[in-house]
Structures are given as C-alpha cells and as structure tokens.
Amino acid sequence: MPRLYSRTDGGRRAWDSQDGLVPLDCRRVLGFVGHDTAPRDIREKLGWSEAAVDEILKELEEGGLLKSVETGPQESARDEAAQQNLREDLDFTGPLSADDLRAAREKK
C-alpha cells in the first residue's frame with residue numbers, strides 16, 4: 001500500500017539544526033518531507049531511485065524523525081488525479097494567441 005510521510009518534532013529539529021549526526025542523504029530527504037508527502041514526490045525532486053528513497057524513508061521512520069500513514073488505493077488514485085490537475089493548471093508552456101493576451105489584459 002502507498003504511504004504518506006510527515007516529519008515528527010524530532011525530524012523538524014534535526015532539519016532545522018542541520019544536525020551532523022543525521023547523514024547528509026537523510027537530511028536531504030527530510031528537507032523534502034512536509035505534511036503527507038508521497039515518496040514519488042521526493043524521488044522526482046531528488047532524481048533518486050525508488051529503492052534509495054524508500055530505504056532512507058524507512059531509516060528515518062525507524063529513527064523517529066518521520067511518521068507515515070498508509071493510504072488506500074482509492075486515496076492514492078484520487079491524490080494522483082489531483083496532482084495531475086495541478087500540473088496542468090500550472091503549465092504555462094503552451095502557446096498564447098493574441099486573443100488570449102488581449103483577454104488577460106482586459107481582465108485587469
């Protein structure tokens with residue numbers, strides 16, 4: 001089952017202090033974990049393999065720096081659909097016509 005991760009208070013302190021007792025790779029992952037963060041989001045940002053991210057997430061959770069909750073298949077599909085909609089809404093790379101530019105200017 002998919003899992004979502006959140007930092008614990010200990011994880012926040014370790015990230016805020018950049019505690020050298022926490023290995024650099026673990027601190028990098030901690031930096032990308034907010035509230036209910038999916039492992040795929042971390043992988044996309046870091047460009048790491050699924051196995052590498054999963055191993056560090058497991059280590060951080062065992063160390064009490066992260067906590068996770070299991071999501072059901074429906075929640076996972078709903079979350080993926082919401083993420084895709086956000087990506088599409090924020091995609092400004094498409095061409096703009098003169099009419100689009102005029103409409104945007106008139107909206108002001």
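R7 sits in strand β1, which spans residues 3-7 (helices, H or I of at least four residues, and strands, E of at least two, are DSSP runs numbered from the N terminus). This is a predicted model, where local features need pLDDT of at least 70 and side-chain atom pairs count only at pLDDT 80 or more, while totals for chains, interfaces and linings use all residues. Residues are numbered from 1 along each chain as its sequence is written, and side-chain values use heavy atoms, leaving out hydrogens and water.

Polar atoms of the R7 side chain do lie 2.9 Å from the backbone oxygen of L30 and 3.0 Å from that of V33. Beyond four places in sequence, R7 touches residues including W15, G34 and L66 (contact means heavy atoms within 4.5 Å).

V33 and L66 lead us on to the largest nonpolar core: they are among the members, with V29, V33, I42, L57, L60 and L66 touching the most others of its 15 residues. Such a core is a set of buried Ala, Val, Leu, Ile, Met, Phe, Trp, Tyr and Cys residues joined through side-chain atoms within 4.5 Å. Helices α2 (24-32), α3 (39-46) and α4 (50-62) each supply at least two residues, and α4 gives the largest share, 4 residues.

Finally, the whole chain: its pattern reads β-α-α-α-α-β-α-α, and 26% of its 108 residues count as buried.

Definitions and conventions
Buried means under 20% relative accessible area, exposed over 50%, partly exposed in between (1.4 Å probe, protein chains only). A polar contact is a pair of N or O atoms within 3.5 Å; within protein, one must be able to donate a hydrogen and the other to accept it, and residues adjacent in sequence count only if both atoms are side-chain atoms.
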